[in-house]
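Please look through the structure shown below with the explanation beside it. The paragraphs begin with pairs of charged side chains and then turn to the chains and their helices.

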Amino acid sequence: MNRATQGSVRLEWLLAGTLHYGTSFASAVISLGLGLALIDSRFSAPSQAIQRDMRIVTIGIAMLILLPVVRVIVMLIVYFRQRDYRLAAIALLVLTIILLGFTVGLAGSRHRNTPTSPMQVRGETVPPHTMRAISLESNSFLTSPRHTLDRQEAFSQQN
Amino acid sequence: MHNGFVLWLFAVSLGASALGGMLGMAGGIFIVPILAVFGHVDIHVAIAASTVSVIASSCSSAAPFLRGRLTNIRLAITLETATTLGALSGVFLFGVIPVSYLFFLFAAILLVSAQQMMSRRNDPPGTSIVADTERWTAALRLDSTYPEGALGRDIAYRVQRLPTGMMLMFGAGLISALLGIGSGVVKIPAMDTALRLPIKVSSATSNFMISVTAAASAGAYFMHGDIVTSVAGPIALGSVVGAVLGARILIRASNASVRLLFVVVLILFAAQMLLQAFGIRLLKGSL
């Protein structure tokens, strides 16, 4: 019992470290990209440069989304090594469900022109000084029937 | 890219996460209404970006709870099977549910949150060892202890009614994915009335679970292309900073006045979301 408790405490510190450093690193990548984009737009750099900067931001966001996945993988490995097979199986199940989520999103993916510049001003509702509005047409999958169909197909395939 | 808009997004999420962090919740419940109402951002984009913010604030505030042994990680991973499944169902609904329903549901969640914030939470009765260890709980060794600062010793507690808790957690995951919030609103009753955890343990455990729940939906939205980098980037960054700040302020701010402010803000947002659900726009964002 005592050894098990100690093992669990060590796992807690491991997870705390993973989350803490993971968040710091991902935020650093995001702020690097945003900072570069701010500088580049100040000096009216070519739009490819800003697109490159925004790609860095996208990578940072992806890292942030993957951080909880890493957390589950760490738990899976530790429980497996502690021969706590029930908890390891549960961790594996959670991991599978999350990865299923990724696949579902990919199956419905629209392959838009660029991942970083989908913002369009919606003329009629937005006053000219409004910074940005994201057009319903370009971003809602409600208005994209073909894609909604894809999603439903993915759904029915799984069932 | 508009620099002003990026800074505005950063400030909004910083403020929302700091305020949320003061009451131990993610800022998504404020971020989505502000973006949708004042930022004129499409609600789907707002929700997808807010999901990233939920991950950011949960991950950046989890470490102290873990080191303080308040988080029940065995219980968390067990309940996460239900929350992630719920999130997956939410992802499917996200694409087919009409926008006005989303606004309506969001308004309802805001009102329930306001109501919950008014009523003070106490440790549910029967938190300590009165019940026998239940079958599921025993099989997974979920019962645990936590250090109680005031007493200076560890207190043991039992996890009760796991199946009911799992069902409520499924609902929490679904709402979380659908609205881009941490959905503490649903988790709190689950933790209090079904599982009967001590408040400190349930707050820490719920915060720990939020990131994995949100990752299931954020992964889907990311792969799908709903997460717009120029919106989600500044919001994620603001959330990390805000969550860290909020946790610091939590120790100082007087609770009652903060609560009242929150209730007013929540009700205002709920009213605006309701109007929006019916297609009326009263508050014109000045930004």
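In this predicted model, the side chains of A:Arg71 and B:Glu80 meet in a salt bridge, with 2.8 Å from N to O; a salt bridge here is a side-chain nitrogen of Lys or Arg within 4 Å of a carboxyl oxygen of Asp or Glu. The pair crosses between chains, since A:Arg71 belongs to helix H2 of chain A and B:Glu80 to helix H4 (residues 73-96) of chain B. Helices (H or I, at least four residues) and strands (E, at least two) are DSSP runs, numbered from the N terminus. Both A:Arg71 and B:Glu80 are buried, where buried means under 20% relative accessible area, exposed means over 50%, and partly exposed lies in between (1.4 Å probe, protein chains only). As background, side chains of opposite charge can pair when their charged atoms come close.

The numbering and the values follow a few conventions: residues are numbered from 1 along each chain as its sequence is written, while chains are lettered from A and ligands numbered from 1 in the order in which they are written. Because the model is predicted, local features need pLDDT of at least 70 and side-chain atom pairs count only at pLDDT 80 or more, whereas totals for chains, interfaces and linings use all residues, and side-chain values use heavy atoms, with hydrogens and water left out.

A salt bridge is also formed by A:Asp84 and B:Arg141, whose closest N and O atoms are 3.2 Å apart. A:Asp84 lies in the loop between H2 and H3 of chain A, and B:Arg141 in the loop between helix H6 (135-140) and strand E1 (144-148) of chain B, so this pair joins two chains. A:Asp84 counts as buried because its relative accessibility is 10%, whereas B:Arg141, at 48%, counts as partly exposed.

Within chain A, A:Arg52 forms a salt bridge with A:Asp40, and their closest N and O atoms are 3.5 Å apart. This pair links distant parts of the chain, for A:Arg52 is in helix H2 (residues 47-81) and A:Asp40 in helix H1 (residues 2-42), 12 residues apart. A:Arg52 is partly exposed, with a relative accessible area of 44%, while A:Asp40 is buried, with 15%. A:Asp40, A:Arg52 and A:Asp53 are linked in a network of salt bridges, and over all chains the structure holds 5 salt bridges.

How many helices and strands make up chain A? Its secondary structure comes to 5 helices and 0 strands, and 47% of its 159 residues count as buried. The C-alpha atoms of A:Tyr85 and A:Ser24, which are 61 residues apart along the chain, are separated by 32 Å.

Turning to chain B, B:Ser113 is found in helix H5 (residues 99-118) and is buried, with a relative accessible area of 6%. Leaving aside residues up to four places away in sequence, B:Ser113 touches B:Ile29, B:Val185 and B:Leu266, contact meaning heavy atoms within 4.5 Å.

Helix H10 (residues 229-249) of chain B has 21 residues, which at 1.5 Å a residue should span 30 Å, and its end C-alpha atoms are 30 Å apart, which agrees; the expected span is 1.5 Å times one less than the number of residues. Since 15 of the 21 residues of H10(B) are buried, this helix is largely enclosed by the rest of the structure.
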